[in-house]
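Trainee: I would like to learn how to read a few features of a protein model. Could we go through one together?

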Amino acid sequence: MHSKFQKEILQFYRSVLKWANLKPEPAKSSIIQYAQNEYRKNQNIPKKKFDRIEFLFRSGKNKFEIWKDAKIDQIQIK
């Protein structure tokens, strides 16, 4: 069973992937890879570290809003 916040995070992740699928290649692949890497990197943060999870979620949403508004077509993965 997922909490309301977990559902919100998963919904956000899906919305990023949907947005990425609207982009042409190679942008599509790089955006999807970036989103997947970030999700996997942070998916094992203990649920008790709510402040950290909330910070990552909010900063991810802020990045996404900037990318959407700026019509970003490529993300550099370092």
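Trainee: Which residues lie nearest the centre of the largest pocket, and how many residues line the pocket?

Mentor: Keep in mind that this is a predicted model. The lining of the largest pocket consists of 29 residues. Nearest its centre lie Ile9, Glu38, Tyr39, Asn42 and Phe57. The space in this pocket comes to about 830 Å³.

Trainee: Which helix gives the most to the lining of the largest pocket?

Mentor: That is H3, with nine residues. Sorted by class, the lining has 19 nonpolar, seven polar and three charged residues.

Trainee: How are two packed helices described?

Mentor: By the angle between their axes and the distance between the axes. Here, take H1 (residues 4–21) and H2 (residues 27–42): their axes come within 8 Å and cross at roughly 165°. Angles over 145 degrees count as roughly antiparallel, so H1 is roughly antiparallel to H2. The crossing of H1 past H2 is left-handed.

Trainee: Which residues make the contact between H1 and H2?

Mentor: From H1, they are Leu10, Tyr13, Val16, Leu17, Trp19, Ala20 and Asn21. From H2, they are Lys28, Ile31, Ile32, Ala35, Gln36 and Tyr39. By class, this contact has 10 nonpolar, two polar and one charged residues. Tyr39 of H2 is part of this contact, and Tyr39 is also among the residues nearest the centre of the largest pocket.

Trainee: Is the peptide bond from Glu25 to Pro26 cis or trans?

Mentor: It is cis, with omega near 0°. Pro26 sits in the loop between H1 and H2.

Technical notes
Residues are numbered from 1 along each chain as its sequence is written. This is a predicted model: local features need pLDDT of at least 70, side-chain atom pairs count only at pLDDT 80 or more; totals for chains, interfaces and linings use all residues. Side-chain values use heavy atoms; hydrogens and water are left out. Axes are lines fitted to C-alpha atoms, for helices over the stretch in contact, and angles run from 0 to 180 degrees between N-to-C directions. Helices (H or I, at least four residues) and strands (E, at least two) are DSSP runs, numbered from the N terminus. Angles under 35 degrees count as roughly parallel, over 145 as roughly antiparallel, 65 to 115 as roughly perpendicular and the rest as oblique. A crossing is left-handed if the near helix is turned anticlockwise from the far one by less than a right angle, and right-handed if clockwise. Contact means heavy atoms within 4.5 Å. Ala, Val, Leu, Ile, Met, Phe, Trp, Tyr, Cys and Pro count as nonpolar, Asp, Glu, Lys and Arg as charged, and the others, Gly among them, as polar. On a 1 Å grid over the protein atoms alone, a cavity is a set of points where a 1.4 Å probe fits but cannot get out, and a pocket is an open set with protein on both sides within 12 Å along at least five of seven lines; lining residues have an atom within 4 Å of a point. Grid points are joined across faces, edges and corners, and a volume is the space filled by probe spheres set on the points.
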